[in-house]
Amino acid sequence: MTEFIIKPIDITSGKNEVILNEDDATKMGFKNGDRLKIRQSEVSTVGMVETTKTVVNEGEIGIYKDILEKFAFELRAGVEVTAVGRPDSFYFIKEKMKSEKLSKDKIYSIVADAVAGNLSNLELAAFILAEEFVGLDMEEIGHLTKAMAETGQMIDFEETVFDKHSIGGVPGNKVTLLIVPIVASAGLLIPKTSSRAITSPAGTADTFEVLADVKFNIDELKELAKKVRGTIAWGGALNLAPSDDIFIHRVEHGLGIDPLPQMMASIYSKKLATGVDFLVLDIPTLTRYYERGAKVRSVEEARTLARQFVELSDRIGIKTEAAITYGGQPVGHAIGPALEAREALQALEGLRPSASLIEKSCALAGVLIEMSGKATKGQGKQLAEEILNSGKALSKMKEIIEAQGGNPTIESQDVAIGNYKAELRSSSDGYIVRVDNKQIVKICNTAGTPRDKGAGILLHAKVGYKVKAGDLLLSIFSNSESRLSKAHAIALKNNPIVCEGMLIERISDLT
């Protein structure tokens with residue numbers, strides 16, 4: 001055991017790594033990637049060794065900002081450093097890599113060590129890659145789901161909880177902003193926790209943040225739910241299933257993968273952590289061969305996925321109905337945080353900005369209402385539409401906005417969008433045959449979403465619309481002229497909205 005002076009490293013690393021001078025590391029027998037335990041009084045953690053000749057001096061240990069904050073190390077006091085070996089979870093990961101089935105205890109060990117920072121990025125990647133290429137069976141996925149939930153905060157709302165979740169992949173899917181006030185107006189408890197966007201133009205939390213605060217602790221969330229029956233909060237502030245963020249940010253992003261077992265456990269661990277009893281799971285899918293840009297490529301694939309989700313939910317005690325929905329083009333006409341918030345308010349105000357937005361929102365809200373027993377099967381959508389058309393959902397949304405610190409008198413016309421605008425127009429007469437989800441996302445993100453709340457796209461034409469040459473197809477918004485220019489160039493080059501006539505092509509004399 002050796003004592004070192006702490007040298008703060010003013011960088012948020014997102015991983016448990018510490019820095020030793022090369023000479024100290026050599027004396028103690030440490031190499032890059034070895035583990036050591038840092039202890040100060042009753043506080044301790046495990047760190048992975050990095051070595052340097054210049055960043056820290058002999059007798060110093062460099063500790064990153066986020067580790068210092070998480071463990072509240074006292075800078076003026078030294079820390080004791082001792083060598084530690086690999087945790088048992090390291091060997092359990094190797095077992096899975098060899099296609100061995102993992103027990104409940106072994107899966108819990110892996111997840112607990114991931115949360116504690118006892119596994120390196122390389123070891124975490126090995127586990128995620130094993131999920132991708134070897135897979136987990138449903139029993140293992142059930143254990144993984146429970147382990148991810150139980151190693152973080154758990155919320156008990158002390159009554160039946162309803163929720164909606166989408167597996168994502170379709171831009172403009174702001175249906176939560178309609179579903180929550182509709183379901184809450186029906187007398188059900190729906191404390192929705194949502195994510196921010198990672199690669200998409202807007203997560204639900206990003207969109208609702210245009211209207212009100214989304215960051216609350218558990219006690220605040222419970223109080224809000226009790227008061228107004230519905231919330232739209234950012235789940236990242238609640239420490240729910242913390243291993244999920246670790247796997248996503250330290251592995252899945254960099255590798256560009258999202259293994260099905262991990263996706264399933266990710267979704268349901270957070271539902272377990274928030275005490276969800278009844279869930280409608282939205283699975284957007286492509287329905288035609290020429291469509292692009294959804295995670296699920298066919299209705300049959302969606303059915304298979306739905307059955308797997310329902311089996312998992314049965315194993316962990318959540319009643320799920322999976323809803324396969326149309327994902328061939330964006331939901332509604334607006335994509336981007338402020339544009340989506342405005343469109344959602346327009347729908348609640350009765351302005352009917354988009355048939356697809358209202359149709360999908362009421363259909364999914366209706367499933368939850370039927371699951372509650374407040375409507376018979378097949379009648380839930382009608383009740384949801386009645387709540388929306390009566391203005392009750394708008395009133396409930398204003399209650400939610402006010403409870404979460406926003407302006408309850410805000411109207412759709414008050415929502416500020418990007419200061420700069422560019423347009424894309426049709427080059428020919430014809431019908432819109434495709435709206436490319438991937439290109440829409442690329443253009444929005446280039447324009448500045450999700451960080452620039454006012455950036456995004458407003459679609460003026462969707463599949464089936466008849467257009468003439470020169471008609472407006474879409475408008476791009478941004479608060480940055482340079483970003484807007486780049487986004488407009490991508491739109492001009494990549495043709496995100498395809499217009500064709502009835503004549504597909506001509507083949508002439510081959511001679």
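This is a predicted model: local features need pLDDT of at least 70, side-chain atom pairs count only at pLDDT 80 or more; totals for chains, interfaces and linings use all residues.
Me: Which residues of α11 are buried?

Reply: The buried residues include P261, Q262, M263 and M264. Further along α11, Y268, S269, K271 and A273 are also among them.

Me: What span should helix α11 have, given 1.5 Å a residue?

Reply: The 14 residues of α11, numbered 260-273, should span 20 Å, and the end C-alpha atoms are 20 Å apart, which agrees. Just after α11, G275 takes a positive phi of about 70°.

Me: How are two packed helices described?

Reply: Two packed helices are described by the angle between their axes and the distance between the axes. In this model, the axes of helix α10 (residues 242-255) and α11 cross at roughly 145° and come within 10 Å. The crossing is left-handed. On the α10 side, D244, D245, F247 and E252 make the contact, meeting Q262, S266 and K270 of α11. By class, these comprise four charged, two polar and one nonpolar residues.

Me: At what angle do helices α6 and α12 pack?

Reply: Helix α6 (residues 138-150) packs against helix α12 (residues 299-316) at an angle of about 60°, the axes lying 10 Å apart. That angle makes α6 oblique to α12. Their crossing is right-handed. Residues in the contact include M138, I141 and T145 of α6, together with Q308, L312 and R315 of α12. The contact as a whole divides into four nonpolar, three polar and four charged residues.

How values were computed:
Residues are numbered from 1 along each chain as its sequence is written. Side-chain values use heavy atoms; hydrogens and water are left out. Helices (H or I, at least four residues) and strands (E, at least two) are DSSP runs, numbered from the N terminus. The expected span of a helix is 1.5 Å times one less than its number of residues. Buried means under 20% relative accessible area, exposed over 50%, partly exposed in between (1.4 Å probe, protein chains only). Axes are lines fitted to C-alpha atoms, for helices over the stretch in contact, and angles run from 0 to 180 degrees between N-to-C directions. Angles under 35 degrees count as roughly parallel, over 145 as roughly antiparallel, 65 to 115 as roughly perpendicular and the rest as oblique. A crossing is left-handed if the near helix is turned anticlockwise from the far one by less than a right angle, and right-handed if clockwise. Contact means heavy atoms within 4.5 Å. Ala, Val, Leu, Ile, Met, Phe, Trp, Tyr, Cys and Pro count as nonpolar, Asp, Glu, Lys and Arg as charged, and the others, Gly among them, as polar.
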